[in-house]
Amino acid sequence: MYDLLIKNGLVVTCSGERKEDVAVKDGKIAVIGQNLNLEAKEVIDAEGLIVTPGMIDSHCHITDPGGGVRDNWEGYLTGTKAAAKGGVTSFIEMPLNQIPCTQDLKSLDIKVKAGQGKLTTDVWTLAALTPSSLDDLKDMAEAGVVGYKAFMSTCGDRTLEGDMENVDDYSLWEGMNRIKETGLPLMLHCENALITDELGRKHEKEGPNTLANYVASRPVFTEVEAVRRAIFFAKETGCKLTICHCSCPEAIDEVTKARAEGVDVVAESCTHYFYFTTDELDSIGNTAKCSPPIRDRENLEGMWKKLFNGEIEFIGSDHSPCTPDLKEGKAFSAWGGISGLQNAYDILFDEAVNKRNMSLEQFVKLTATNAARYFGLKNKGQIQVGFDADFAFIDPKRSYTIKAEDLEYKNKISAYIGREVGCKVVRTIVRGRTVYDEDKGPQEDTGKFLFKK
């Protein structure tokens, strides 16, 4: 007797897609085949649906604990519900925005305790590389983090004790030397801090105070210069490197050239860089402000070429929400971050598969398989016997409009509100248990903090 039998779905595996049945036992995929005549406690008819591995979101910010300052930002309870509703079965959590940031064993313990009993989906953790965390990097690897995160751009609030701090060149180089010994990757936000900070002040003073001018204050070369410097450090140290949320083809060019030279580096990007363009930002408002910024139409088309060409390893949401008051006011002073966890998967499916004919196999690699392999997430990211039974069910032809009241976020703000999506996630399953369906909504307390051991 199996726990679950999924029948009649178009199942996407690493070898392609075909109509198959999938049987699940004890949270694992037990059998895959056509017209399976098996007994199961639960049978789901997936006729007309595409069954993929659930998305592994490679880039997500949850602000829990908030340290008494950011307690009303996104928490685990709402964040993982949003993930489930969006077809995300696990995500890799950034150490930024939590207070204290996750950079040593004490802060890791505080974080895990803050999320206990609140997880709908699974959560993997990164540790922060900061000027003050160099001596903690090895301990964090032994604790089971899947990698590290650092900022070359200015980050954090220096008036808040425990908030994350960006690296200088020395701490980045020395950190890479130490991280290399762990074998784990460093995920790096690449923008030249000195130039972008000064350009930001200049553009804000001269005006206009618009999102379009904010984008102009963070030109492509400020991202590319930082990427080149990071790649050079990686080449010198041997550190495994991920260039986070690449926003322009020129940055990805640098990664592609370095890989050809044998440097262990990959590019990550995010759904919003394939969807929005600069000319619509001011009509959307500050919910569309992020860093690196949303660039122009030509840039967007260049990003699609890089994606189809296989030069981007995986896609994340860079879900980075805040409270509504921090999105109010003028462009330059508003918080930079897009709430995208709930819609990173379905919008990318619609734009890539429905509109641009991307193969389902490539889509699954970008949203699940590649991240699982890269970060060493055991038994995740594929529909394969012996792997965790993590699935997203997509109706590829069902359109809907994103509404604020349908968002699971603690603060129901998003740049995607009002957009029509030409597909819909109708069910999400984590280790054989339904964590979201349309009738019952997202379920609580089914996810886990997962660590590499």
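Which residues does Lys330 touch, not counting residues up to four places away in sequence? Lys330 touches Asn209 and Asn286, where contact means heavy atoms within 4.5 Å.

This is a predicted model: local features need pLDDT of at least 70, side-chain atom pairs count only at pLDDT 80 or more, and totals for chains, interfaces and linings use all residues. Residues are numbered from 1 along each chain as its sequence is written, and side-chain values use heavy atoms, with hydrogens and water left out.

**View 1. Lys330 sits in a loop between strand E13 (314–316) and helix H11 (344–354).** Helices (H or I, at least four residues) and strands (E, at least two) are DSSP runs, numbered from the N terminus. Lys330 is exposed, at 56% relative accessibility. Buried means under 20% relative accessible area, exposed over 50%, and partly exposed in between (1.4 Å probe, protein chains only). Asp21 is 309 residues from Lys330 in sequence and 53 Å away in space, C-alpha to C-alpha.

View 2. A disulfide is a pair of cysteine sulfur atoms within 2.5 Å. By this rule the count is 0 disulfides. Cys155 is buried, with a relative accessible area of 7%.
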